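Open the model in your viewer and keep the selection tool at hand. We will go stop by stop, picking residues and looking at what is there.

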Amino acid sequence: MKIASVRGEAEDFLVVEGLNGYVYSLPAALQILTGGVPEWSRDMLVLIEAGEEALGSLRQVGDLLAQRPDAIEPVRPESITWHPPVRRPSKICCLALNNSANADRIMSGPNHPAVFLKAANALVGHGQPIIVKEHYGRVHPEPELAVVIGKTARNVKASEALQCVFGYTIHNDITSPTMRQEDTFHYRAIHPKKGDHDTIEYIDTFVTYPGRYKCSDTFSPMGPWLVLREAVPDPHALSVRCDHKGELVTEDSTMNLSHKVPEVIEFVSGYMTLLPGDIISMGTALKRADGTGRAVQNVDLRVLGGPVSVSIEAIGTLSNSVETSL
């Protein structure tokens, strides 16, 4: 089942997609089924925390729409604004350089997943603009599969990790290499000398922080749909593509992820407790379409504008316009 968070004329609520492709109000469907409208039908995080009872009702809604698609009027597309599926996750954990198709680009690095965080201010929904300011410099898209956590996970083993997944969605990890370069330090780090903790030595070091180049407002378009875990039996067998102005830029597969979902959940949960609604973005699909054409890093949204879209098999298509400003 596909679920999304939207804003109607006066309220936020969840919608589901019917087999006919139409969008239906979850509160309206539950009103027909049960005669009531639970709070979880209006907020994805509340739904995730509601657990199995809510999932059971969701499945009943799916059955209703399959058997009686005319039982409820579909939502008019022009009457809603799309939110990111989870509007206020406690954290968005992103994987750096996690695509084996580009392993030859890594000169040195860890053998384990490398994680950085994005904040909820960066989130924006399907159909909403990506804001690119002139001083951001070069800004490009990064198409990624995102995992939505379904329950508190701490020190989880890889063999049990998928049981912690609520579902999957799409993330466009917008990045500014210009701001990354501006916020990179080349300096001499102070370390205790090996074998002598009373003496220091200086180590030539490069370090950068993603506060601006990854976390600026609207730098995390996400959605529109969240697909339940049970509908994606293998998250490592999904085609991924990125289009810019209708032209295919990147076409790849989640099979090329270096570190897989169970391994990543085990690793991250060993350091940071994952909470319901948290997001893990699995890394960028970077193979050029047919090995030719413009590299995704060369799709400079500041200069070229939009729209830009990311499509993932079994989940859908996330599309956003681009607005430039001073």
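## Stop 1: a charged network

Select R7, D12, D43, R87 and R88. Salt bridges link these residues in a network. A salt bridge here is a side-chain nitrogen of Lys or Arg within 4 Å of a carboxyl oxygen of Asp or Glu. Side chains of opposite charge can pair when their charged atoms come close. Across the whole structure, a search finds 16 salt bridges.

Before moving on, know what you are viewing. This is a predicted model, with residues numbered from 1 along each chain as its sequence is written. Local features need pLDDT of at least 70 and side-chain atom pairs pLDDT 80 or more, while totals for chains, interfaces and linings use all residues; side-chain values use heavy atoms, leaving out hydrogens and water.

## Stop 2: R42 and E11

Now select R42 and E11. Their side chains meet in a salt bridge, 3.1 Å from N to O. R42 sits in the loop between α1 (26-34) and α2 (44-50), and E11 in the loop between β1 (2-7) and β2 (12-17), so the pair ties together parts that are 31 residues apart in sequence. Helices (H or I, at least four residues) and strands (E, at least two) are DSSP runs, numbered from the N terminus.

The cut-offs are: buried under 20% relative accessible area, exposed over 50%, partly exposed in between (1.4 Å probe, protein chains only).

## Stop 3: E182 and R212

Pick E182 and R212. This salt bridge spans 2.7 Å, N to O. It links distant parts of the chain, 30 residues apart: E182 is in helix α4 (residues 177-182), and R212 is in the loop between β12 (196-208) and β13 (220-221). E182 is partly exposed at 48%. R212 is partly exposed at 33%.

## Stop 4: D243 and R241

Select D243 and R241. They form a salt bridge, with the closest N and O atoms 2.7 Å apart. D243 is buried, at 9% relative accessibility, whereas R241 is partly exposed, at 30%.

## Stop 5: P89

Last, select P89. It lies in the loop between β4 (81-82) and β5 (92-95). P89 is buried, at 8% relative accessibility.

What does P89 touch, not counting residues up to four places away in sequence? Select A120, L123, G277, D278 and I279. Contact means heavy atoms within 4.5 Å. P89 and A120 are 31 residues apart in sequence, yet 6.5 Å apart in space, C-alpha to C-alpha.
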